[in-house]
Amino acid sequence: MQKLKKAIIPAAGLGTRFLPITKAVPKPMLSVLDKPTIQYIAEELISVGIEEIIIVVSPDSGVIEKHFGECEALEQRLLLDGKQKLYEIAKNTHRFSVKFVVQHEANGLAGAILCAEPYIKDEPFALLLGDELLVAKEGDKPCIKTLAEIYESTGNSVIATMEVFGDDVSKYGNIGIESEIDGVIKVNAILEKPSLNEALSNNAIIGRYVLSGEVMGMLKTLKPHGSEIYLTDVLDKLSKDGKLLASTITDDRYDVGDKFGYIKANVEMALKSQEIGQDTKEYIKELAKTL
């Protein structure tokens, strides 16, 4: 079994729900507090020891490459001014080994993954979707670390899941559950955004995956659904072959692709901040009195 060394972060979406800001600023560069969402996602991978991150970008996303690159003039100025803490913050943005590939055709998540094929080939890879921030609770393992450990102990692809109810069932990929042992779910089927009556369970697929080395080759054989090809088609095939596992997330999850989810992420991350957490808490208490 090959060791997990690489990760893909798809970041080529147009972010139309956040227009007009996303006309000029790529959606993955929208910040939660003072950090772009894509950096939070890259930092999740520190716990896994990933050696290389492949970020799939749109043709006009040079600002993402700039963010993860060096800025010697800024760093030198911060050092000269004695601003060591700010220097470390700036330096940390280029501690990752990052490659960039451009997705020229808007053909869905599977299409974005295939753009990274020259760097992945037949190796296993972690896949982290940019619309979801997952923040591990204090003392808990990050979700991606749990997935990586399950992959390395079984050799099977593994996906993150959470329970959803009512109309939310139809918003996500849905998994059929064959069994569950010690928190590891054996998946026996996948449906893409089923109706409530069609759903296999209340378990939705969440945007964190560790996928085995056979997946990239399987993606090349997919037939499109209209203009898109679906990763869930490969996941369904793996599940029917007994090669797909799942783990329920325990992290705090924020849907930052949704305006209200984005606001929640900013508020809750502000409350957790050592720098402004107490001030934010007092402000919210006072604000609540006026509502």
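These are my notes on what I looked up in this predicted model.

**Ground rules.** I number residues from 1 along each chain as the sequence is written, and side-chain values use heavy atoms, with hydrogens and water left out. Since I'm working from a prediction, local features need pLDDT of at least 70 and side-chain atom pairs count only at pLDDT 80 or more, while totals for chains, interfaces and linings use all residues.

**Overall build.** I started with secondary structure, and the protein chain has 11 helices and 13 strands. These are DSSP runs numbered from the N terminus: helices are H or I with at least four residues, strands are E with at least two. Along the principal axes, the C-alpha atoms fill a box of roughly 60 × 50 × 40 Å.

I then checked burial, where buried means under 20% relative accessible area, exposed over 50%, and partly exposed in between, with a 1.4 Å probe and protein chains only. Buried residues make up 46% of the 291. For contacts I used heavy atoms within 4.5 Å. Of the contacts with a separation of 6 or more, 75% are between residues 24 or more positions apart.

**Largest pocket.** How much space lies in the largest pocket? I get about 1500 Å³. My pocket search runs on a 1 Å grid over the protein atoms alone: a pocket is an open set of points where a 1.4 Å probe fits, with protein on both sides within 12 Å along at least five of seven lines, and lining residues have an atom within 4 Å of a point. Points are joined across faces, edges and corners, and a volume is the space filled by probe spheres set on them.

The lining has 44 residues, and G108, L109, L129, D131 and K193 are the closest to the centre. At least two lining residues come from each of β1 (6-11), α5 (108-115), β11 (203-211), α9 (231-240) and β13 (252-255). I note that β11 gives the most, with 4 residues. By class I have 21 nonpolar, 12 polar and 11 charged residues.

K193 got a second look. I found K193 in the loop between β10 (184-192) and β11, with phi near 50°, a positive value in a residue other than glycine. K193 is partly exposed because its relative accessible area is 48%.

I also followed α5, where A110, G111, A112 and I113 are buried. The buried residues of α5 pack against β1, β4 (52-57), α6 (117-120), β6 (125-128), α8 (215-219) and α9.

**Second largest pocket.** This one has a volume of about 770 Å³. It is lined by 18 residues, with D34, K35, Y40, I89 and E275 nearest its centre. The lining divides into 6 nonpolar, 6 polar and 6 charged. β3 (35-36), α1 (37-44), α4 (84-92) and α10 (259-272) each supply at least two of the residues.

I found a cis peptide bond joining L19 and P20, with omega about 10°. P20 is in the loop between β1 and β2 (31-32). L33 sits in the loop between β2 and β3 and has a positive phi near 60°. With 31% relative accessibility, L33 counts as partly exposed.

N266 counts as buried because its relative accessibility is 19%.

**F68.** Buried or exposed? F68 is buried, at 7% relative accessible area, in the loop between α2 (62-67) and α3 (72-80). Beyond four places in sequence, its contacts include I38, A42, I55, F96 and F100.

**Cysteines.** I counted 0 disulfides, a disulfide being a pair of cysteine sulfur atoms within 2.5 Å. C71 is partly exposed at 37% relative accessibility, whereas C143 is buried at 5%.

How values were computed: Nonpolar A, V, L, I, M, F, W, Y, C, P; charged D, E, K, R; others polar.
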